[in-house]
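Hi everyone, thanks for coming. Let me walk you through a few parts of this structure together.

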Amino acid sequence: MSVPVEDGTGFGLGEQDAARFAGILARYPTRRSALMPTLWLIQDRDGHISDAAVAWTAAQLELSEAKVREVVSFYAMYRDRPQARHVLQVCHNISCHIMGAQPLLAHLEGKLGVRRGETTPDGEFALEGVECLGACGMGPCLQLGKHLYEHLTPERADALVDGLRRGDPPRPDTDRDLEG
Amino acid sequence: MNQDQYRILSRRFDRRDGHRLAAYEADGGYRSLKRAVGELGAAAVREEVKASGLRGRGGAGFPAGVKWGFVPQGAETVYFMVNADESEPGTFKDRYLLDYDPHAVIEGSAISSFAVGAKLCVIYIRGEFGWLVDRVQKAVDEAYAAGYLGPGAFGGAYELEMIVHKGAGAYICGEETGLINSVTGQKGQPNIKPPFPAVSGFLGRPTIVNNVETVAAVPWILEHGAVAYRKFGTEKSPGTKLFSVSGPVRRPGVHEIPLGLPFREFFTDWLGGMADGEELKAVIMGGSSVPVLTAAEAMETALDYESLAAAGTMLGSGGMIVIPARCDMVELIQVLMHFYWDESCGQCTPCREGTGWLHRIVKRLRRGEGAPEDLALLERVCDGMAGLTICPLADAAVMPMRSFLQRFRPEFEALAAGRRATEPDSRWAREIRS
C-alpha cells in the first residue's frame, strides 16, 4: 500500500514513521480502527497532536476531523497542545492516598515551585495528579513517559527531579533489569 | 503451609528471563497451543475449559467456557479480545502477568481465539502500561517468528493474527463494549446489551472479550486437565486467583491463592498482617467498586465468589485494598467519588451527574458545610443511579458510596453535624510506621 507522507494539511510523516503508519493500516481491519495507534505514532514523535495532525489523520483515515478530535479529547493521555519536557503524573487514587500520595504531591509542589496542574516557567516540568496507575502495592508512585517510579519517598522524589534537571534520571522501577 | 503449591499463574514471577520465548518454551510453553490445534480441536478445548469451571477474572466472574459458547454456530468472522485495560483502583495483577509471563498470556489468548474460531486477536493494554505494551509486542514478535502466529503457522492449520493495542487513559474501556468501541477508533463509550458482543461486537461480528488472568489460566488447564484445576478452590469457585494487595500490610503485592481461602489465613500467613504501628480498620476485597467490609466482617469471610457475596461484597478483580485505622473513611470516599466522576464517560445522565453530585456532597461535608440531611441526600442520589445506566460504572460508584455510608456512618454523621474534617493526613506512610 502506498502511503503519501504529505498532503495539503501541512503535516507529514518522515520515511520511518510513514512505514510504521503503513504497518498499522495493514494490521488493523478497517481504516477507522487504525485511529488510536496512528494518534500514538504522532504523539510519540511530536509530543502532542496538533490541529494539522488532526486534519492529516482525518484525511488519511477517511474520517471527519470531528471524529478524530472527539477521540483525542476523550482519552486522557492524548494531548492537543505542547507539553512540558517532563510531565510528572502522581497517582492520587485510594491505595496511593493511603500510602502518602498527598504528601508526595505537596513535596513535589515545593520542590518544583508550582502547584499541581501547573508547569514550571521554563517549561521543563509539569506536575499532575492522576487516577490509578496500577501500582497500588508500590505506592506512592508517579508516571513519567512510558515508565513508573514506585515506593517514592521525599529523597527519591528529589533524586528524580534533580536527575532530570541534570539529564541523568534514576532508572524507573518498571524498567527492570532483565536480560534482553 | 507451603504457599508455592498454589502458584499456577504466578509460577514464573520470580524469574528474570520468564518473558523470553526460549525460557517459556523450555518450561513447556506453547505445548498446549500445539496440542489444541494439532490434536484436540476447538470443540474439545471449549469443553475442557467449561469443565474446569474457570470464571472470568476481570470482575464479573462469568464462566469463561459458557461465554465462549455464546458465539453463534457457524459464524464466519469472529474476533477475540484480551482485556488488559487493568484500571480498577487497587488492581495490579494483570500487570504482573504481562510483565513476567507475557508468553503465557499470548499462548492463552491464541488457544482461546482458536476455541472460538477467531482469526484476529487484539490484546488491549491500558496506555499507562507503556513499558508493557513494548514488552508484550516484543513477545508477540517472537511468537510470530517462531511460527505460532501469522501466515503459515501450524502448517496453515491455524493462522492467527495478533494486535497489541495501546489504550490512552480511560477507565471505561475496561467495560467490554467500551473496549470494543475503542478498538474501532471511537470514544470508549459502552453500548446497551443486548446484543451481547458474543453475538454482535467488533465491526458487528461475534466478539469474545476475556481478562488477561482468565486467558493465562487456559494453557495450564489444557496441559493438566479440568480435574486437576478443580483440585484447587471450591465447587463453585474452582481454581486459583491472583489477589493484588495494597495498603500498609507487611507483604503487599500479588499473591496467588486457592479460592475459598479464609481471609483471616490470607491476611496472617500470606500478607504477614499489618505493618508495624498500623491497625486494621476495613478491607475492600475486589477493587474500589465493591462494597467495603469492616475488619470484623472481613475476618469472618473467605475469598471466593460465594462467600464474599454472602458477606455483602464481591470478589471483583481481586484488587484488595487494606485500610488502616488512621484513615478517615469520608476522606477515602471523597478520593473514590472523584475517581468515578472523573471517569464517567458522560453518556448516561444518572452517572454523569450523579457521580459529580456524590463527589461534591462528600466534599461539602468535609469542608464543614454539610447538613444532617446530606446523608439522606447521598442515599437518594445513589438510588437514582444504581441499575439505571447503560454500563455498570454508576453501580461501581454507588457500591462503595453506600457501603462506606452504611458501615462507617458515625464518621459521616459527625461531619453532617457541622464538624469540619481534619486536614488530610499529610504524613508519609513510612513516618507513621516508624
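Let's start with strand β6 of chain B, residues 253-258: 6 of its 6 residues are buried, so to speak mostly covered, where buried means under 20% relative accessible area and exposed over 50%, with partly exposed in between (1.4 Å probe, protein chains only). Helices (H or I, at least four residues) and strands (E, at least two) are DSSP runs, numbered from the N terminus.

A word on the source: this is a predicted model, where local features need pLDDT of at least 70 and side-chain atom pairs count only at pLDDT 80 or more, while totals for chains, interfaces and linings use all residues. Residues are numbered from 1 along each chain as its sequence is written, chains are lettered from A and ligands numbered from 1 in the order in which they are written, and side-chain values use heavy atoms, leaving out hydrogens and water.

Which strand pairs with β6(B)? That is β5(B), residues 240-246, in the antiparallel sense over 6 bridges; strands pair if DSSP finds at least two bridges between them. Val245(B) stands opposite Gly253(B).

Now to chain A and helix α4, residues 65-74, whose buried residues are Val68(A), Val71(A) and Val72(A). Because they cover an arc of only 100° around the axis, they sit on the same side of α4(A); the arc is that of the directions from the helix axis to the C-beta atoms. On the other side, Ala66(A) and Ser73(A) are exposed.Finally, Phe263(B), Phe266(B) and Met320(B) touch the most other members of the largest nonpolar core, a set of buried Ala, Val, Leu, Ile, Met, Phe, Trp, Tyr and Cys residues joined through side-chain atoms within 4.5 Å.
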